[in-house]
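Good morning, colleagues. Please look at the model on the screen while I take you through some of its packing and backbone features.

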Amino acid sequence: MPSFASQVKNELVHVIGSQVCCKTAELAALLRMGATISFNSKHDFGINFVTENAAVARKILTLLKASVPQGIHTEVTVRRSRRLRKHNNYAVRATPSPEASSILKRLGFLTAKNLLDAGTDRNILQNDCCKIAYLRGAFLGGGSVNKPEGEYHLEFVTDNYTFAKLIRDLCHELYLPVGLTDRKNVYIVYLKESEAILELLALIGVEESLLQAFESARNLKEIRNQVNRLVNCETANLQRTINAAMKQIENINLLIKYDEYDELPKVLKQTANLRLNNPEASLTELAELLNCSRSAINHRMRKIDALAMQIRKDNSIKE
Ligand SMILES: [Zn+2]
């Protein structure tokens with residue numbers, strides 16, 4: 001069973017904006033997530049991108065080809081990992097050529113002073129449709145989302161600070177409450193609220209059925225949490241009842257030991273006797289057995305407690 005994150009990505013691979021502006025935006029974000037630029041002696045530029053996700057490699061190929069109507073030369077190589085449980089690597093390469101250069105120019109990658117400066121991407125993100133496509137690309141290239149049964153968490157991870165800031169700002173413009181943090185040389189734009197995670201996934205094109213799976217898992221989790229809270233609450237109540245009963249029994253035994261039990265008034269003796277015979281009963285249950293009110297039982301127990309306290313004091317017994 002693929003992880004929830006890869007299910008989401010496998011779906012997003014098939015979502016492609018119908019407009020050129022959106023395709024450009026999505027490609028830009030994907031490349032920001034880890035492309036390197038190569039060049040040849042004729043000053044033509046090429047693009048290299050390595051990913052562990054075959055679906056993502058496929059998407060980059062599709063977008064590259066869609067960007068250059070006259071065609072572009074691309075290669076894909078798969079490096080199989082020899083280590084167990086390590087993923088394969090898929091390298092997508094557009095060899096240095098005037099066509100690849102024209103894509104990079106159109107994306108704005110060649111105009112910035114520094115290739116890491118994602119700020120120039122703003123120029124191709126005028127419309128909401130493009131902002132959404134850009135986030136889809138960023139998610140495909142460096143995003144992750146927890147399965148809904150776990151902790152709610154969706155994130156974009158990048159080592160490029162201006163890119164992380166841009167993702168954060170775009171999310172804010174789409175009213176998504178993301179945060180930005182850094183951890184060991186990477187920047188993380190994250191979402192923690194289930195409702196917002198659903199909204200982002202829906203925006204970037206995740207299909208209804210997967211969203212519904214997320215939602216029903218979320219509902220189930222919330223019900224389970226509620227039940228756990230109730231059970232915990234009942235357990236706590238039960239523990240309190242047992243602790244109180246144990247203390248009462250200890251006090252009654254003290255009265256017996258110091259020959260004060262037989263001196264007790266009739267009602268107190270009756271209550272004490274009932275407690276000794278019903279150590280697990282709550283005060284309410286004792287009240288039912290004696291056909292009196294709970295507060296009457298409570299009152300009598302306090303009297304027994306006070307007598308025991310006096311014995312302890314008189315005989316210097318520590319509790
Ligand atoms: Zn667009």
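The crossing of α5 and α6 is left-handed. Please bear in mind throughout that this is a predicted model. Two packed helices are described by the angle between their axes and the distance between the axes. Here, helix α5 covers residues 128-142 and helix α6 covers residues 161-173; their axes are 10 Å apart and form an angle of about 130°. The angle therefore makes α5 oblique to α6.

Which residues in α5 meet α6? From α5 they are Lys131, Tyr134, Leu135 and Ala138, and on the α6 side they meet Phe163, Leu166, Ile167, Leu170, Cys171 and Glu173. Sorted by class, this contact of α5 with α6 contains 8 nonpolar and 2 charged residues, with no polar ones.

Let me turn to the sheet. Strands of a sheet pair through backbone hydrogen bonds, either parallel or antiparallel. In this model, 4 strands form an open sheet in the order β1-β2-β4-β3, and the pairing is antiparallel. At the edges are β1, residues 35-39, and β3, residues 74-79, each of which pairs on one side only. On average, and ignoring direction, neighbouring strands of this sheet are turned by 20° against each other.

The pairing of β1 with strand β2, residues 45-51, is antiparallel and extends over 5 bridges. Within it, Thr36 stands opposite Asn48 in β2. Helix α4, residues 98-107, lies across β1, β2 and β4, and runs at about 75° to β2.

I close with the backbone. Most residues other than glycine have a negative phi, and most peptide bonds are trans. Asn185 is not a glycine, yet has a positive phi of about 70°. Where does Asn185 lie? Asn185 is found in the loop between β7, residues 179-183, and β8, residues 186-191. Is Asn185 buried or exposed? Its relative accessibility is 72%, so Asn185 counts as exposed.

Ser316 also deserves mention: its phi is near 50°, a positive value in a residue other than glycine. Ser316 lies in the segment after α11, which spans residues 294-314. Because its relative accessibility is 66%, Ser316 counts as exposed.

Thank you for your attention.

Conventions
Residues are numbered from 1 along each chain as its sequence is written. This is a predicted model: local features need pLDDT of at least 70, side-chain atom pairs count only at pLDDT 80 or more; totals for chains, interfaces and linings use all residues. Side-chain values use heavy atoms; hydrogens and water are left out. Axes are lines fitted to C-alpha atoms, for helices over the stretch in contact, and angles run from 0 to 180 degrees between N-to-C directions. Helices (H or I, at least four residues) and strands (E, at least two) are DSSP runs, numbered from the N terminus. Angles under 35 degrees count as roughly parallel, over 145 as roughly antiparallel, 65 to 115 as roughly perpendicular and the rest as oblique. A crossing is left-handed if the near helix is turned anticlockwise from the far one by less than a right angle, and right-handed if clockwise. Contact means heavy atoms within 4.5 Å. Ala, Val, Leu, Ile, Met, Phe, Trp, Tyr, Cys and Pro count as nonpolar, Asp, Glu, Lys and Arg as charged, and the others, Gly among them, as polar. Two strands pair if DSSP finds at least two bridges between them. Buried means under 20% relative accessible area, exposed over 50%, partly exposed in between (1.4 Å probe, protein chains only).
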